[in-house]
Amino acid sequence: MIEEVLNSFIQKNMEPISGMDATFLYAETPTSPMHIGGIAIIEGSLSFDDFRETIRKRIHQAPKLRKRLAFVPMSIDHPYWVDDPKFDLDLHLHRVALPKPGGWSELRDMASQIYSEHLDRSRPLWSFTFVEGIDNIPQVPKGSVAIISKVHHVAIDGMAGVGLMSIMFDLTPNPKEMPEPEPFRPEPLPNELSLIMNSTASFAKNPLKFPKMIGNVLSSTIKTGVLSRVQHSELPTAPFSAPRTALNGTISARRKWNLVILELERVKALKKKMETTFNDVILAICAGALRRFLVEKKKLPSKSLVASIPISIRTKDDSGSEGNRISNMLIQLATNIEDPVERLMAIHDNTQRGKTYNNALGAETLSNMAEAVPFGLANQAARLYSRFNLSRIHKPVYNVMITN
């Protein structure tokens, strides 16, 4: 009976975001936008009108693209996803021309500018920029276009982003005709009272959620610590153990986008030859580049740099869902080792140790720890941390993030 009463206060058209999703909101600062994105080069000819029509007919396949965030008063709960009654597709699709001569340099500058700008939280948190005038990039046919995508991390993780790309791209050269979608009939925005009532009812249904979760995490951590000591001579890399580097200072609001092109088969051949994993080879390539950069600057620390590595915890049941289904592990990059082969093998050992820890504790458990922190408290803590630049008084949690 009580549960039925509580359910009556919970509105079906309001989707709460998870604690993990919320971390990408309160970690955002004026100098640290928390969106992710990518750049696709479309060879040949693609008109903007055809591109827009494709998105218009398929956007219903990704509901988050027509939803915005509704924030609970006083931040007593995580925000909710709600329909945007003023959704306008043309506010999220932009058409620009690349300055002459239309090469990599111009595309890099344009992408960097786009990624430096925050998304508007009063609207759905995404944008696609259609870039024409790519006329001077080697191996790319003249007249090709680029699509620069930008989506806030609160809405999707990397694997969900792959699903999002299926809206724009077909899997065959001859796609089926797209039927006209049903008209979008958004629900009205909830008022502040309904948001508070919804949050109160959700909490009342499971008031012991936070204590239970903290207890499970502590219990698993103790068990895992014993297991790690038995199996390994040292524990996995701990937070705040990374060395101070030139990479971990106060940053500006400007973002930089750049790229290098690697032949996939060469990376796979190296993985097979060294009997490691594909991810180990990617980490070793990045570690070598970081070491060389810091050596040239004469700022290479004697202790290895630490990378944060996101881990997808999606199951088959989660394959069609949006939001974030990720955990992460901290890996020493062996940048203190000069020989590249020895560095790769050290990275392989480090990743194996990290995987053992995550498997024993459970990546799902690590991810759910975010649910144990009230949104308002975490949000205010993040603002104070950024405002007073508290990162200066402790070692970095990690030096870089690397994701494949």
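In this predicted model, the side chains of Arg 56 and Glu 53 meet in a salt bridge with an N to O distance of 2.9 Å, a salt bridge being a side-chain nitrogen of Lys or Arg within 4 Å of a carboxyl oxygen of Asp or Glu. Both Arg 56 and Glu 53 lie in helix α3 (residues 48–58), where they are 3 residues apart, about one turn of the helix; helices (H or I, at least four residues) and strands (E, at least two) are DSSP runs, numbered from the N terminus. Arg 56 is partly exposed, with a relative accessible area of 26%, and Glu 53, at 30% relative accessibility, likewise counts as partly exposed, where buried means under 20% relative accessible area, exposed over 50%, and partly exposed in between (1.4 Å probe, protein chains only). Glu 53 and Arg 56 also belong to a network of salt bridges that links them with Lys 57 and Glu 180. Side chains of opposite charge can pair when their charged atoms come close, and the structure holds 11 salt bridges.

Residues are numbered from 1 along each chain as its sequence is written. Because the model is predicted, local features need pLDDT of at least 70 and side-chain atom pairs count only at pLDDT 80 or more, while totals for chains, interfaces and linings use all residues, and side-chain values use heavy atoms, with hydrogens and water left out.

A further salt bridge joins the side chains of Lys 100 and Asp 135, at 3.8 Å from N to O. This pair links distant parts of the chain, since Lys 100 is placed in the loop between β5 (93–97) and α4 (104–115) and Asp 135 in the loop between β6 and β7, 35 residues apart. Lys 100 counts as exposed at 69% relative accessibility, whereas Asp 135 counts as partly exposed at 26%. Arg 123 forms a salt bridge with Asp 120, the closest N and O atoms being 3.6 Å apart; Arg 123 is partly exposed, at 28% relative accessibility, and Asp 120 is partly exposed at 35%.

Strand β7 (residues 144–152) has 9 of its 9 residues buried, so it is largely enclosed by the rest of the structure. In a regular strand the side chains alternate between the two faces of the sheet. In β7, Ser 144, Ala 146, Ile 148, Lys 150 and His 152 point one way, Val 145, Ile 147, Ser 149 and Val 151 point the other way, and all are buried. Strand β2 (residues 35–42) runs antiparallel to β7 and is joined to it by 8 bridges, with two strands taken to pair if DSSP finds at least two bridges between them; here Ala 40 stands opposite Ile 147 in β7. Strand β6 (residues 126–134) is also antiparallel to β7, joined to it by 7 bridges, and Ser 127 stands opposite Lys 150 in β7.

An open sheet of 3 strands has the order β1-β4-β3, with antiparallel pairing. In this sheet β1 (15–16) and β3 (67–70) stand at the edges, each with a single partner strand, so one side of each is left without a neighbour in the sheet. The antiparallel pairing of β3 with strand β4 (residues 80–83) extends over 4 bridges, and Leu 69 stands opposite Trp 81 in β4.

On the surface, Phe 240, Val 397, Tyr 398 and Met 401 form a nonpolar patch with about 350 Å² of accessible area together. Patches are made of residues with over 30% relative accessible area and no salt bridge, like charges being joined within 9 Å and nonpolar side chains (Val, Leu, Ile, Met, Phe, Trp, Tyr) within 5 Å. Phe 240 is placed in the loop between α7 (209–231) and α8 (264–274) and, at 45% relative accessibility, counts as partly exposed.

The secondary structure of the protein chain comes to 12 helices and 10 strands, and buried residues make up 41% of its 404 residues. The protein chain averages a pLDDT (the predictor's confidence in each residue, from 0 to 100) of 81, and 73% of the residues score at least 70. Over residues 226–233 the pLDDT is below 50, and this stretch has 8 contacts in the model beyond near neighbours in sequence, a contact meaning heavy atoms within 4.5 Å. Where pLDDT is low, the predicted coordinates should not be read in detail.

Methods. Areas by Shrake-Rupley, 256 points an atom, 1.4 Å probe, with all protein chains shown as cover.
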